[in-house]
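I opened the model today and kept notes as I went. The entries follow in the order I looked things up.

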Amino acid sequence: MANLPLYQVDAFTDRVFSGNPAAVVPLPAFLADDVLQSIAAENNLSETAFVVVNGPGKFSIRWFTPTAEVRLCGHATLAAAHVINRSSEKIDKFSFKTKEAGTLTVKALGDNRYQMDLPADAPRKIRDKFGLKDIIGVKKFVGLYRGKDDLLVVLRTQKQIERLDLDMTALAELTQFRGLIVSAPGREHDFVSRGFFPQTGIDEDPVTGSAHCLLVPYWSSRLGRKKLTARQLSARGGELRCQLRGQKVRLTGSAATYLSGQIYLKGVKL
């Protein structure tokens, strides 16, 4: 029988039951892909992060939704850094090697706060060839953009973001994209957003760190400022402090541990 440690962390929040929950599974080496996918499906969270130690402060990381491996995930990376920091407070700087998104860096700031640098994703303006107005249920966009993974729709007001009622079945058919981000100016924040990813088994993600790789360059250009505040308006909600630093997006947020336990893999071929 193989027993694996399992942690669940709420990211981009300072208290449990809010922010975005992620599972973190430290491993001596990555297991077979089908086993990793099965664990993520069993966890049934937006992401499960699998982490392997490469050296002092150096790690490899992979992320799986309940249905697929993804190229980049911010909140589960923050959660992984939190787990490592809590188990060894001597490590406060973390370098995570990824398969496709380069090396991500995270710094522990104390009081369960973390500073994370992700690759910036420059938005490209496009025309709506996908029927997004019908999918989202609005008559007019401020703008429509695409990044490496996602579509970004910009609307006029926060109230529109709060009242969104999407056709998830139709959105799930846009399989050339990871998902859809919808954003607008915020009443108390520089911008607000919601993120929808039915293509990878997540109708609405509570707080999507990687979406801000696209959001921050857009809002930084529009508002003429490098430092921004953001809130994702899911039912759980989450807060992010953002900064555009050249080709990097710096996100600062908190994390709270919800549970720790073990995964029992009796009879599973590893």
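Predicted model: local features only at pLDDT ≥ 70, side-chain atom pairs only at ≥ 80, totals over all residues.

Where is the place of Thr48? I found Thr48 in strand S3 (residues 47-55). Helices (H or I, at least four residues) and strands (E, at least two) are DSSP runs, numbered from the N terminus.

Residues are numbered from 1 along each chain as its sequence is written, and side-chain values use heavy atoms, with hydrogens and water left out.

**Entry 1: Thr48.** Is Thr48 buried or exposed? I looked up its relative accessible area, which is 0%, so Thr48 is buried. Buried means under 20% relative accessible area, exposed over 50%, partly exposed in between (1.4 Å probe, protein chains only). Next I checked its side chain. I then set aside neighbours within four places in sequence: Thr48 is in contact (heavy atoms within 4.5 Å) with Ala23, Val25, Ala40, Asn43, Arg62, Trp63 and Phe64.

**Entry 2: the cores.** Which residues touch the most other members of the largest nonpolar core? They are Trp63 and Phe96, in a core of 51 residues. Helix H2 (residues 74-87) gives this core its largest share, 7 residues. Another core, of 21 residues, lies apart from it; I noted Leu151, Val153, Phe177 and Phe196 among its members. A nonpolar core is a set of buried Ala, Val, Leu, Ile, Met, Phe, Trp, Tyr and Cys residues joined through side-chain atoms within 4.5 Å.

**Entry 3: helix H6.** I looked at how covered H6 (residues 212-223) is. It is mostly covered, with 9 of its 12 residues buried. Those buried include His212, Cys213, Tyr218 and Trp219. Just after H6, Gly224 has a positive phi of about 70 degrees.

**Entry 4: the whole chain.** I counted 6 helices and 17 strands in the chain. Of its 270 residues, 56% count as buried. The C-alpha trace spans about 55 × 35 × 30 Å along its principal axes. Among contacts between residues at least 6 apart in sequence, 62% join residues at least 24 apart.
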